[in-house]
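Colleague: Could we go through the metal and ligand sites together? Please bring up the model first.

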Amino acid sequence: MINRLLNRVSPFRSVRARFSAVMGGSGIVLGLALTMFMEWHLEEGLRGSARDTLNAVADEIAHELNEDINNRQREVELMADMIAGRNAIDLQSIRKSMDELQGRESTYAWIGLADARGQVIAASGGQLQGVDVSLRPWFAAGLRGGFVGDPHDAVLLARYLAPRPDGEPLRFLDVAAPLLDKRGIAQGVLAGHLHWDWVRQVVSDTVAKRRKKNTVEVLIANRKGEWLLSFNRHTKLPGASLQAVQSDAAYLVATQKVVAAVPADGLGWTVVVRESIDSAHAPIYHMRKLMLAATTVLAALFALLSWLVAGRVVRPIVELADAARSHARDAAQSPEQPRKRAVDETLVLGAAMDQLAHHDRLTGLFNRSELLARLQQAIEQARPRRSFGALLLANLDNFTVLNNTRGHEAGDQLLVAVAARLRQLEDEGAVLARIGGDEFLVLLQDLGRSPGLAQERAAAMAATVLELLATPFALEDGACTGHSSIGVAVVGDDATTANEVLQGAELAMLEAKKRGKGQVAMFDQSMRDALHERVQFEQDLKNAIPGQLVAFYQPQVHLSSNLQGAELLVRWKHPVHGMVSPARFIPLAEETGLILPLGRWVLETACRTLCEWAAHPVRSHLVLAVNVSAREFSDPGYLQGVRSVLNATGANPQRLKLELTESVLAKDVDEMVDKMQALKALGISFSLDDFGTGFSSLGYLKRMPLDQLKIDQSFVCELATNANDASIVRAVVALGQGLGLQVIAEGVETLEQRNLLARYGCTCYQGYLYGRPAPIQEFEATIERAWER
Ligand code: C2E
Ligand code: MG
Ligand code: MG
């Protein structure tokens, strides 16, 4: 219930919406996969470049500081060497040099010279002149050989210099070098105090150059790990140790050493450049955001495109589903079976496909394959239970006629009505199917524990079916009956497969038809044997043409006892069965189409014989009659075939007679008459064979360009005793005379028959009385004896 409700309100119940959702989802998956790939591909590079930038900043700061400190150191050393190298110390000029140097290099806050006792004897700007600096670290270290110190707050100089505008204490970094006399003994110390702000400036410039001013923090620690400087606008010196700062996972860190080239307590600073991971990896996050945005856009685009494309792609499916839905509505379904309302196209389609796969479209009964499956199941169940069933195959007797006379709609209505009537048998456990055309199957199970009993019950059921169907049906355009022929095969007997059982029922049904329709026939093995024999016979016939065919000739004699001609009658000299009568193999040849090559061979043989006779003084007038079956005559190539045989053999068409039966008129009469006319124009004559046995109307007879009527032998054989036959013969003769046709009687065996025929006006005769059909040599020998001499 809830499911059905959900299905009804779901926006995805249409195939189109589902298709779009799936495609949109695919877009997201694709986009995410792309994002992950790009991240994987770019992230390492971005991380590396962030680290490289920090390393470069640290490198450059350290390099700049080193450079500057070494330069200052060298300047101080040079000046110290210069002063020491003079013969007499001129304090005035020393001070001047100091002022000059300070003027050139503003980094110097102060430059001064202290004598060996620590008294300042010369200084830039005269500051600290005469002050005792012996206790300052730079002095002692300077005496020992050189000094570069860590920064410190101004001690003595503070009083001489203006305070910083930001109120921060003045800080200096001291550089000192000894004044050595010629013996290498220190006579004093030259020192320079460098503004500590110089370091901040170097850091600030470098960071600005790398465009990292707002994101990186630069820290400088001395050899002891004490923080000397923190560069970042907002941070103070960090409380953490150098080591802790270096290993802080929240930051990306680059370090570099600043080592002065002075021996003693030279500086050993560590420049630490760090940037918070968030800031350093901002490009990665940025890229990720971009990719996610792209993914969303991609997915939306996919969904939109799919919606548009789905309109086209899905339309046929929807149309198919609509068709299926309406078919499901129309299909005959048992009224008690509630029709399921499918909620979407695919469900409708699925249900309809299932219906189509197992059921007959028209009647809703099972189809052939479904019935075969169930039959197979029944066979398998019957054997172990020793319980026999039966398969009934009912074929409507006059269905083709109904279809042809009242139209296919009426035919369909009858089939649906038959199915509905057969459904009554379902109450008795019957399984019903229609297997195409007008054939219905009824599968019955558990009819009894012996084949005999099953057969008995099946026969009773078949009789019921006959009766059921024989009761008139009310169709839209009037009533109609469904007379049928039924074949029955027992299930669970010796037949092993469903197909074999079905074939048995089919053979039995054909037998029922053969016995005169409206009947029930039980399958028995002889039917299958006959079928096999027929199949074999057909194969043999194929191989027989033309090698095993033999032409027999039977004389046709005129009233005046003159030999008029002969009829060519074909024989098949079967390697096993001996001479086979055409009455047996001609119908088969007609069914299989083999009549065409066979007829061609007969015609060629006849024409060759005519050619031979043409050269013979007594036989040259003989007319040779050839039988042509309807199937052969109606073949579109027949006319051309005759022409080409005549041409090839050179036979005289005036001596050739074609024997047709009335069945040729079953085809298109006009066409057949035209064909006869065309052959007639060549000189060929026509005889109507077996006259009196067909149904042709006299009207048609008038239209046919005939030369001869041939009274069928069935009217001749009892001519002397059967008054009906005599009347028919008389009527046929009269008809022939009326139409100006010669009349010939076949099957004339006795003189009495011949005389009666003559009395009735029949002028030509063929029959054993004059000679049996015989091979050419025998025929020629006979006619020579009887007529030619
Ligand atoms: P059909 O054309 O009516 O041939 C006459 C049949 O009557 C022949 O049988 C012949 O042997 C038989 N017959 C002749 N005289 C007598 C008689 O005095 N008494 C009796 N009882 N029978 C007599 P056959 O040769 O067995 O031919 C049977 C049918 O086979 C023919 O009937 C014809 O319809 C068909 N047929 C024979 N040869 C050919 C052929 O070359 N082509 C075609 N399409 N059909 C042929
Ligand atoms: Mg004939
Ligand atoms: Mg005949």
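Modeller: Happy to! A donor here is an N, O or S atom within 2.8 Å of the metal, and water is not among the atoms, so sites may look incomplete. Keep in mind that this is a predicted model.

Colleague: Thanks! Which residue coordinates both the magnesium ion (ligand 3) and the magnesium ion (ligand 2)?

Modeller: The protein donors of ligand 3 come from Asp 689, Asp 690 and Glu 746, with Glu 746 giving two OE entries, at 2.0 to 2.5 Å. Along the chain these donors follow the spacing D-D-x55-E. The two magnesium ions are 4.1 Å apart, and the residue coordinating both is Asp 689.

Colleague: Is Asp 689 buried or exposed?

Modeller: Buried means under 20% relative accessible area. Asp 690 has 25% and is therefore partly exposed. Asp 689 has 6%, so Asp 689 counts as buried.

Colleague: How much of the area that ligand 1 exposes when taken alone does the protein bury?

Modeller: Polar side-chain atoms lie at 2.9 Å for Glu 567 and at 2.8 Å for Asp 689, each from an oxygen atom of ligand 1. A polar backbone atom of Tyr 768 is also 2.8 Å from an oxygen atom of ligand 1. Taken alone, ligand 1 exposes 770 Å², and the share buried by the protein is 84%.

Colleague: Which element gives the most residues to the shell around ligand 1?

Modeller: The shell divides into 8 nonpolar, 7 polar and 7 charged residues. With 4 residues, the element giving the most is E19.

How values were computed: Residues numbered from 1 in each chain as written. Chains lettered and ligands numbered in written order. Predicted model: local features only at pLDDT ≥ 70, side-chain atom pairs only at ≥ 80, totals over all residues. Heavy atoms only, no water. Donors = N, O, S within 2.8 Å, 3.2 Å for Na, K, Ca; no water. Buried < 20%, exposed > 50% of the residue type's maximum accessible area, 1.4 Å probe, protein only. Polar contact = N/O pair within 3.5 Å; in protein donor to acceptor, adjacent residues only side chain to side chain. Areas by Shrake-Rupley, 256 points an atom, 1.4 Å probe, with all protein chains shown as cover. Helix = DSSP H or I, 4+ residues; strand = E, 2+ residues; numbered from the N terminus. Nonpolar A, V, L, I, M, F, W, Y, C, P; charged D, E, K, R; others polar.
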